Structures are given as structure tokens and as C-alpha cells.
Amino acid sequence: MKTVLAFLVLVLSFAAEAAVMAAEPIPSPKPIFFATGSTSGTAGGRVVRPERSLYSVSAKAGQTMTVTLTTPDGNAVFQLYEPGTTIGRDNDGLLEFHGQALHGAADGEDATRWSDRLPKSGTYLIVVGSTRGNARFSMDVKIE
């Protein structure tokens with residue numbers, strides 16, 4: 001009986017934690033701005049697994065974007081999503097992205113550098129996450 005009761009307490013505590021995570025607001029992506037006359041910008045910080053750091057950058061179809069992620073411990077990657085991507089939360093309260101990721105920078109492709117011509121005009125979403133533990137990173141974005 002004690003084992004069953006302990007198990008129920010454990011299950012309920014996980015359910016309560018998931019409910020708190022699901023109730024958290026959706027974070028807004030931080031815009032990456034370029035200095036006047038510049039074709040590049042930089043962002044950086046820390047990301048704690050399983051959280052994500054979100055960034056946005058505006059560009060036009062046909063421009064070439066290059067994103068380079070640098071981390072001292074080699075434990076951060078990014079995904080790059082086309083304009084129109086929306087952000088929500090799954091049943092566990094984790095962020096999920098509804099939109100088209102760009103080839104080479106999709107979920108599971110573990111991109112640390114990506115460069116190609118952009119298919120659409122609009123605001124692109126860059127999602128930085130950790131592959132293990134906490135990650136410090138710096139990200140350079142260039143658009144030409």
C-alpha cells in the first residue's frame with residue numbers, strides 16, 4: 001500500500017509540474033537588428049536544456065542568409081523556420097513550432113552553420129537549443 005501511495009504522489013507531482021510548464025506564456029523571439037549599413041548582426045547568451053532561445057530576422061526572398069553558431073562546449077544547435085511559423089506548447093509544456101524548417105537547419109539536423117538563398121520574404125525564426133546540459137553561445141547572422 002505504501003508503494004502504491006508513493007507512486008501516486010510521484011505521478012501527481014509530475015502532472016502538476018507539466019501543468020505549470022504548459023501554463024507558461026509563449027516567449028517572443030528577440031529580433032536581430034543590423035547596424036545601419038551593415039549586413040550582419042550578432043546575438044548570444046545561454047540556453048538551458050530543454051528550453052529554447054528564440055530569435056527573429058527579417059529578409060527578402062532571394063537574399064543569401066548565413067547563420068553561424070559558436071559555443072565553447074560544442075553543445076548548442078539551431079533550427080531555422082520560414083516566415084509564418086507559429087509557436088505553441090505541446091502536452092508537456094515544451095515549445096513546438098508549426099511551420100516549414102529550411103533544409104539543413106531542421107529539427108534533428110543539428111545545424112551549427114547554415115547558408116543558402118531564402119525562399120520567401122518575411123520574418124524568419126531561429127531556434128537555439130542545447131544538445132546536452134546548459135549551453136553558452138554566440139550567433140552571427142549575415143544577409144546579403
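I counted two salt bridges, taking a salt bridge as a side-chain nitrogen of Lys or Arg within 4 Å of a carboxyl oxygen of Asp or Glu. I was working on a predicted model, where local features need pLDDT of at least 70, side-chain atom pairs count only at pLDDT 80 or more, and totals for chains, interfaces and linings use all residues. My numbering runs from 1 along each chain as its sequence is written, and side-chain values use heavy atoms, with hydrogens and water left out.

Salt bridges. I looked up Lys120 and Glu82, whose side chains meet at 3.1 Å, N to O. This pair links distant parts of the chain, 38 residues apart: Lys120 sits in the loop between strand S8 (113–117) and strand S9 (122–130), and Glu82 in the loop between strand S5 (76–81) and strand S6 (86–89).

Then I checked Lys142 with Glu144, and their side chains meet at 3.6 Å, N to O.

Strand pairing. I call two strands paired if DSSP finds at least two bridges between them. S4 (residues 64–70) runs antiparallel to S8, joined by five bridges; I found Thr66 partnered with Ser115 there. S4 also pairs with S10 (residues 134–143), again antiparallel, over six bridges, and Thr70 stands opposite Ser138.

Key. Helices (H or I, at least four residues) and strands (E, at least two) are DSSP runs, numbered from the N terminus.
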